[in-house]
Amino acid sequence: MPFLAAVLNTMGLVFLTHAIYSTHEHHSLTASSPYKTSTTAIPSFPSIPLDILIELLASTLALLTGIVLSSPALKPIQWSTWSSSLSRSGRKSEGKYTKENIEVLGEGDPFQFLGLDSVREGEGRRGFWDGRGARGEYVGWVKAGGKA
Amino acid sequence: MTEEERQLAINPIVQSSVQHNTQVISNIRNLTASLFGVAAGTLGLESYPGFIFYLLGTLIVSVLLFMFRAEGQPSKYFHRPMSDLWLGEVFGGLSGFVLTWTLFYGLVRA
């Protein structure tokens with residue numbers, strides 16, 4: 001799916017650029033010519049050739065699909081579905097973790113960029129310790145024979 | 001206690017997921033709104049047809065979101081599917097749409 005999204009985005013961008021360039025060329029050519037070919041009844045109706053119109057709309061549609069497909073997945077909002085998906089996939093799905101498998105929620109000091117601290121601590125705000133995960137690891141270790 | 005409060009007490013919702021979903025929808029809306037502006041300006045739409053084009057485009061984006069991101073079950077990802085998915089951020093992207101619409105109209109047509 002990410003590959004398809006990247007292909008759609010790239011193709012969409014290329015063809016959109018080409019369609020815009022073609023429209024610009026078409027208008028710079030027809031603006032000075034004495035023969036106005038397309039005079040439609042509705043004044044604001046697009047007066048560009050059909051192939052450019054199709055290229056423009058198709059590339060826009062491809063880009064739309066690419067953008068939607070390449071966006072991050074939504075998360076379930078119901079507490080029960082959310083927690084069951086967490087316990088199934090494990091907690092290590094995203095974010096930063098310390099060596100002890102504790103999630104780092106933030107860098108701690110929001111004014112670190114000012115450089116007032118001479119010593120960078122490197123301690124972030126920690127999330128909860130994953131007790132169930134650690135227990136699962138311990139059970140696996142015991143079942144494997146209890147050797148380090 | 002209203003009916004909705006009681007419902008929320010039985011089935012609580014995860015605030016961080018709601019924020020994440022709103023952020024994703026808002027990002028997509030803003031990106032696609034400027035894209036529609038590019039298309040509308042290149043097409044040379046003026047006045048009401050341009051805004052109708054934008055509304056049609058956002059409808060397509062909503063359908064794409066419904067199919068690919070919400071997997072056909074919007075109530076699983078949105079508290080109020082009507083206002084969060086189908087109408088969410090539609091008018092927030094309007095300024096970006098007008099911006100690129102006028103820019104590309106001027107670039108291509110003038």
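How many residues does the contact take from chain B and from chain A?

## The contact between the chains

The contact takes 34 residues from chain B and 26 residues from chain A, where residues count as in contact if their C-beta atoms, placed from the backbone, lie within 7 Å. On the side of chain B that touches chain A, α2, α3, α4 (74-77) and α6 each give two or more residues; α2(B) has the largest share, 13 residues. Helices here are DSSP runs (H or I, at least four residues), numbered from the N terminus.

This is a predicted model, in which local features need pLDDT of at least 70 and side-chain atom pairs count only at pLDDT 80 or more, while totals for chains, interfaces and linings use all residues. Residues are numbered from 1 along each chain as its sequence is written, and chains are lettered from A and ligands numbered from 1 in the order in which they are written.

## Two crossing helices

Let's look at α2(B) beside α3(B): their axes (lines fitted to C-alpha atoms over the stretch in contact) come within 10 Å and cross at roughly 140°.

From α2(B), the contact is made by B:Ile28, B:Thr32, B:Phe36 and B:Ala40. The α3(B) side includes B:Phe53, B:Tyr54 and B:Gly57. Leaving aside neighbours within four places in sequence, B:Phe36 touches B:Phe53, B:Tyr54, B:Gly57 and B:Phe97.

Note on methods. Contact = placed C-beta atoms within 7 Å. Axes fitted to C-alpha atoms, helices over the stretch in contact; angles between N-to-C directions.
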